[in-house]
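Student: Could we go through this structure together? I would like to begin with its strands.

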Amino acid sequence: MTREVFSNIGLWLLFTLLIGNYVVDLEASHHVYKRLSQTTNTESPSVNQPYRTGFHFQPPKNWMNDPNGPMIYKGIYHLFYQWNPKGAVWGNIVWAHSTSTDLINWEPHPPAIFPSEPFDINGCWSGSVTILPNGKPVILYTGIDPKNQQVQNIAEPKNISDPYLREWTKSTLNPLMAPDAVNGINASSFRDPTTAWLGQDKKWRVIIGSKINRRGLAITYTSKDFLKWEKSPEPLHYDDGSGMWECPDFFPVTRSGSKGVETSSFGEPNEIKHVLKVSLDDTKHDYYTIGTYDRVKDKFVPDSGFKMDGTAPRYDYGKYYASKTFYDSAKSRRILWGWTNESSSVDDDVEKGWSGIQTIPRKIWLDRSGKQLIQWPVREVERLRTKEVKNLRNKVLKSGSRLEVYGVTAAQADVEVLFKVRDLEKADVIDPSWTDPQLICSQMNVSVKSSFGPFGLMVLASKNLEEYTSVYFRIFKARQNSGKFVVVMCSDQSRSSLEEDNDKTTYGAFVDINPYKPIPLRALIDHSVVESFGGKGRACITSRVYPKLAIGKSSHLFAFNYGSQSVDVLNLNAWSMNSAQIS
């Protein structure tokens with residue numbers, strides 16, 4: 001949640017007293033560091049910290065995780081998020097709250113929800129916002145009761161005429177949904193209600209993430225009035241081997257263009273598809289399936305080839321979790337938010353005084369093929385562009401060459417490059433056993449040469465390349481003389497920092513594009529985060545890196561080709577980025 005600049009000191013002291021002594025060790029996504037999470041951090045971190053981002057959303061200090069209840073209300077965008085006001089590790093969670101007119105610059109408000117009642121006294125966990133037909137927004141969220149059970153609660157704005165919705169009240173009817181022996185719900189695995197939607201029968205529906213043994217579940221509840229909820233006999237969908245389904249999301253997408261549709265929208269299957277996304281607690285990744293929603297049976301049926309487990313496609317193949325979408329009615333688009341945690345040690349997080357950021361909000365839509373989702377940073381982020389470099393056109397990158405991009409602030413930049421390869425018949429044949437792109441990228445890091453690749457960008461690089469993060473492509477033949485190719489996109493962090501304690505995992509994804517056509521790559525670079533978009537958003541990888549040398553003005557940016565065949569740079573545009581106002 002954005003900045004912790006609370007003007008009302010008395011209110012802040014009340015929050016601190018209410019949440020100060022409640023830390024529970026439940027089955028959750030994040031380990032609870034009890035000693036640290038109860039330590040009040042009273043001083044804001046230095047503004048000169050090299051790893052704080054310039055245009056990504058993050059509060060001025062302390063721990064942040066899941067985005068909650070994003071929406072637009074009376075022309076104002078709202079973002080709630082999980083936040084610890086007392087330290088840089090998970091614990092003492094409240095719903096922090098910020099608003100914006102452009103999804104990039106944010107104004108903080110006091111927390112909207114904090115532990116205060118028996119139904120949430122041990123924690124206020126993730127949830128969603130639903131806009132009712134009368135225009136009133138309501139929050140459904142998970143609370144932890146005195147028995148450490150996960151229950152579902154509702155909160156309503158105190159003053160709906162306030163476009164900033166600065167005060168929220170909790171219903172005396174809470175909890176609205178609770179586990180019991182009759183319905184067979186696991187009391188420690190029952191959380192994160194979605195945005196609700198209206199069925200043809202005028203009943204509201206909402207799903208909640210759960211599990212029974214190894215079966216992951218999207219449990220459905222229905223209601224006529226949004227207050228009295230009844231559990232459906234069968235879940236919306238399940239999988240027997242995937243484990244706990246956290247932060248589920250369920251929404252329609254249209255097959256005609258990139259416009260979004262409202263969450264309760266329906267149409268013929270050839271017009272509207274549905275997306276079910278879950279955050280798998282076992283893997284800490286977000287997965288989605290595309291399919292058909294049977295409104296009569298209240299069942300989601302994945303399309304052929306989709307299965308809701310670790311084999312499903314991911315929004316992002318790097319550090320990206322607990323994502324949430326909302327329908328932006330002002331611009332007829334669906335917006336995706338995602339949480340990115342740190343790759344540094346807990347001690348480093350405590351020392352710098354903060355942990356966690358939100359990625360740049362992305363517009364998300366269904367590809368024309370109907371087989372995958374496309375993501376692209378919201379256009380508003382381009383307003384931060386400045387100092388454009390446009391003179392890198394029609395350059396040939398020979399084998400083993402690098403081309404430095406001068407004239408931009410390489411530590412805070414937006415880069416778009418268009419590559420072209422020739423003589424694809426010279427591509428290496430991929431090993432049939434290479435079905436895991438992350439394994440390919442790990443075993444064939446940037447130092448391993450193939451015919452086509454690695455070629456791409458070196459970002460957050462030191463002058464002499466003691467440190468760099470490489471984002472690149474490789475192209476393989478699917479089979480000898482088949483005429484089909486496999487494109488792999490990698491984000492290699494193995495050389496990202498001289499600091500040895502950081503997580504330097506290398507990430508990889510297959511990109512469903514035609515390599516005979518130009519191959520686009522975009523990178524949003526922001527001090528300690530690199531968001532990469534391959535094939536115009538067909539594959540996305542977010543990395544967290546903490547260079548020791550390549551910081552500030554000492555950071556460099558290169559286009560490179562270490563493959564044995566030459567690669568053309570048809571066009572490369574780069575912009576220094578101004579900082580957003582998030583304080």
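Student: In what order do the strands of the open sheet of four strands come?
Tutor: In this predicted model, the order is β5-β6-β7-β8, and the pairing is antiparallel.

Student: Which strands stand at the edges?
Tutor: Those are β5 (124-131) and β8 (168-170). Each has a single partner strand, so one side of each is left without a neighbour in the sheet. From one strand to the next, the twist averages 30°.

Student: And how many bridges join β6 to β7?
Tutor: Six bridges join β6 (residues 137-144) to β7 (residues 150-157). In β7, Ile 154 stands opposite Leu 140.

Student: New topic: how many disulfides does the structure hold?
Tutor: It holds one. Cys 441 is joined to Cys 490, with an S to S distance of 2.0 Å.

Student: Which parts does that pair tie together?
Tutor: Cys 441 lies in helix α4 (residues 437-443), whereas Cys 490 lies in strand β31 (residues 485-492). The pair therefore ties together parts that are 49 residues apart in sequence. Cys 441 is buried at 0% relative accessibility, and Cys 490 is also buried, at 0%.

Student: Is the disulfide of Cys 441 and Cys 490 left-handed or right-handed?
Tutor: The torsion about its S-S bond is about -75°, so the disulfide is left-handed.

Student: What about Asn 65: buried or exposed?
Tutor: Asn 65 is buried, with a relative accessible area of 1%. Its place is in strand β1 (residues 62-73).

Student: Finally, which residues touch the most other members of the largest nonpolar core?
Tutor: That core has 44 residues, and those touching the most other members are Phe 419, Leu 457, Phe 473, Ile 475, Leu 557 and Leu 572. A second, separate core of 27 residues includes Phe 55, Trp 83, Phe 114 and Phe 326.

Student: What does Ile 475 touch?
Tutor: Leaving aside residues up to four places away in sequence, Ile 475 touches several residues, including Val 421, Leu 424, Phe 452, Phe 485 and Pro 515.

Technical notes:
Residues are numbered from 1 along each chain as its sequence is written. This is a predicted model: local features need pLDDT of at least 70, side-chain atom pairs count only at pLDDT 80 or more; totals for chains, interfaces and linings use all residues. Side-chain values use heavy atoms; hydrogens and water are left out. Two strands pair if DSSP finds at least two bridges between them. Helices (H or I, at least four residues) and strands (E, at least two) are DSSP runs, numbered from the N terminus. Axes are lines fitted to C-alpha atoms, for helices over the stretch in contact, and angles run from 0 to 180 degrees between N-to-C directions. A nonpolar core is a set of buried Ala, Val, Leu, Ile, Met, Phe, Trp, Tyr and Cys residues joined through side-chain atoms within 4.5 Å. Buried means under 20% relative accessible area, exposed over 50%, partly exposed in between (1.4 Å probe, protein chains only). Contact means heavy atoms within 4.5 Å. A disulfide is a pair of cysteine sulfur atoms within 2.5 Å.
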